[in-house]
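Please look over the chain below before setting up any calculation on it. The notes are grouped by topic.

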Amino acid sequence: MNHTPDFSLSRRGLIRTGVGASLAALGLGAGAQTASADVTVTKRFDLTEPSYDLFRSKDTHGARVQQSFAFDWVNKFLFVATKRSGSDESDGDLCINKMDFDGNYLSYMHLNGFGHGVAFAALPSGSGTELWIECDANTSGYGTALAPIRYTANATLASPAAAAAYRPISGASEYTCSVDPVYRRMIVRYHTSAGKRIAVYPLSAFETRNFGSPPVDFKQPTISGTPQGYTLYGSYMYYLTGDAYPGDGTPTGDGNTHITTIDINTGTVTQGPVLTKAGSTLHHREPEGLAIYRTDAGEARLFIGFATGVEGDRRSSIFYKNALV
């Protein structure tokens with residue numbers, strides 16, 4: 001169902017490689033199943049309510065699928081991460097597309113050797129944008145640290161050296177992040193020898209580069225399906241799974257894209273996985289990315305991204321949910 005969105009917006013000590021409290025010191029070793037947090041409980045999105053269009057089938061700089069997206073909520077831009085044309089999956093080469101809220105492509109930035117692009121954040125920085133994104137890709141093409149990158153139109157940047165990257169959690173081997181602009185927090189998904197874990201920091205930790213111990217840290221609950229993105233709103237994490245339509249990408253049924261809500265105070269599932277039919281008639285329709293945004297009128301929205309279109313001409317399609325309970 002189409003819905004005209006209101007996209008007016010509201011305004012709003014360094015720790016580097018190998019520094020941060022250990023999981024053992026936090027009492028959150030590999031066997032921990034739940035969070036030990038005390039985050040004020042907030043409303044959450046009702047995943048069973050309808051989704052609405054932001055835009056469908058918009059061009060990006062390259063022809064490959066989008067991986068994720070993020071809003072600069074002050075300067076009113078959308079950034080879409082896509083795979084670099086001509087690069088192997090293991091290279092970690094990304095193209096960041098700057099777009100307006102109608103989905104019109106404005107400019108690009110190439111990031112070589114950064115990572116897979118499962119999630120990232122776009123933080124307002126004066127009249128510009130600072131991207132917090134994975135970097136220093138490993139041999140599988142996943143980022144092993146986080147870095148703040150000033151978005152620069154039509155530029156190409158190699159991944160920063162290890163000394164210029166941030167690894168706030170000791171023992172983590174891979175990092176991604178996503179921002180909650182409403183409650184001003186950053187959620188970090190990281191990999192350990194025991195599997196994926198979730199940490200949540202105040203946004204100020206990233207703005208000042210002074211991380212300390214995360215107030216929230218828990219083992220990610222087991223959720224079936226191909227992971228395709230995550231984000232945070234208040235006291236709840238949202239987790240996206242699913243695959244593209246099989247074969248040549250012709251729409252078949254409702255697909256298998258699901259969203260799950262996780263309580264960050266307990267580390268347990270609150271709702272879902274819930275099937276979403278957003279954009280079910282689109283070709284290919286591979287779920288790719290979640291993000292949070294709030295209008296000047298105060299409406300919070302959970303955005304859901306899809307890579308759509310035919311092979312060799314993939315497009316960006318983005319939808320949202322706005323019902324809170």
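What follows is a short briefing on the fold, the pocket, the cavity, the strand pairs and the backbone.

This is a predicted model, in which local features need pLDDT of at least 70, side-chain atom pairs count only at pLDDT 80 or more, and totals for chains, interfaces and linings use all residues. Residues are numbered from 1 along each chain as its sequence is written, and side-chain values use heavy atoms, with hydrogens and water left out. The chain holds 1 helix and 20 strands. Helices (H or I, at least four residues) and strands (E, at least two) are DSSP runs, numbered from the N terminus.

**Burial and surface**

- Of the chain's 325 residues, 57% count as buried. Buried means under 20% relative accessible area, exposed over 50%, and partly exposed in between (1.4 Å probe, protein chains only).
- The accessible surface is about 12100 Å². Carbon and sulfur atoms account for 48% of that surface. Areas come from the Shrake-Rupley method with a 1.4 Å probe; for residues, only the protein chains shown count as cover.

**Largest pocket**

- The largest pocket has a volume of about 440 Å³. Of its 27 lining residues, Gln67, Lys83, His116, Val118 and Tyr142 are the closest to its centre.
- Strands S10 (174-180), S11 (185-192), S14 (227-233) and S18 (286-294) each give two or more residues to the lining of this pocket.
- By class, the pocket lining has 11 charged, 9 polar and 7 nonpolar residues. Ala, Val, Leu, Ile, Met, Phe, Trp, Tyr, Cys and Pro count as nonpolar, Asp, Glu, Lys and Arg as charged, and the others, Gly among them, as polar.
- A pocket is found on a 1 Å grid over the protein atoms alone, as an open set of points with protein on both sides within 12 Å along at least five of seven lines. A cavity is a set of points where a 1.4 Å probe fits but cannot get out. Lining residues have an atom within 4 Å of a point. Grid points are joined across faces, edges and corners, and a volume is the space filled by probe spheres set on the points.

**His116**

- His116 sits in the loop between strand S5 (105-112) and strand S6 (121-125). His116 is buried, at 16% relative accessible area.
- Beyond its neighbours within four places in sequence, His116 contacts (heavy atoms within 4.5 Å) Gln67, Lys83, Glu89, Leu94, Glu134, Gly141 and Tyr142.
- Glu134 is 18 residues from His116 in sequence, and the C-alpha to C-alpha distance is 8.0 Å.

**Largest cavity**

- The largest cavity holds about 70 Å³ of space. Its lining residues include Phe69, Phe71, Trp73, Phe120 and Ile292.
- Strand S2 (66-72), S10 and S18 each give two or more residues to this lining.
- The cavity lining has 10 nonpolar residues, 1 polar residue and no charged residues.

**Strand pairs around S11**

- Strand S11 is mostly covered, with 7 of its 8 residues buried.
- S10 and S11 run antiparallel and are joined by 7 bridges. Two strands pair if DSSP finds at least two bridges between them. Asp180 stands opposite Arg185 in S11.
- S11 also pairs with strand S12 (residues 195-202), antiparallel, over 8 bridges. Here Arg185 stands opposite Pro202.

**Strand pairs around S15**

- In strand S15 (residues 236-241), 6 of 6 residues are buried. Tyr236, Tyr238 and Leu240 lie on one side, and Met237, Tyr239 and Thr241 on the other.
- S14 and S15 run antiparallel with 6 bridges. Tyr230 has Tyr239 as its bridge partner in S15. This hairpin has 2 residues between its strands, and Gly234 in the turn has a positive phi of about 65°.
- S15 and strand S16 (residues 258-263) pair in the antiparallel sense over 6 bridges. Ile259 in S16 is the bridge partner of Leu240.

**Backbone points to check**

- Most residues other than glycine have a negative phi, and most peptide bonds are trans.
- Arg184, in the loop between S10 and S11, has a positive phi near 55°. Arg184 is partly exposed, at 32% relative accessible area.
- Arg285, in the loop between S17 and S18, has a positive phi of about 50°. Arg285 counts as buried, at 1% relative accessibility.
- The peptide bond from Gly272 to Pro273 is cis, with omega near 5°. Pro273 lies in strand S17 (residues 268-275).
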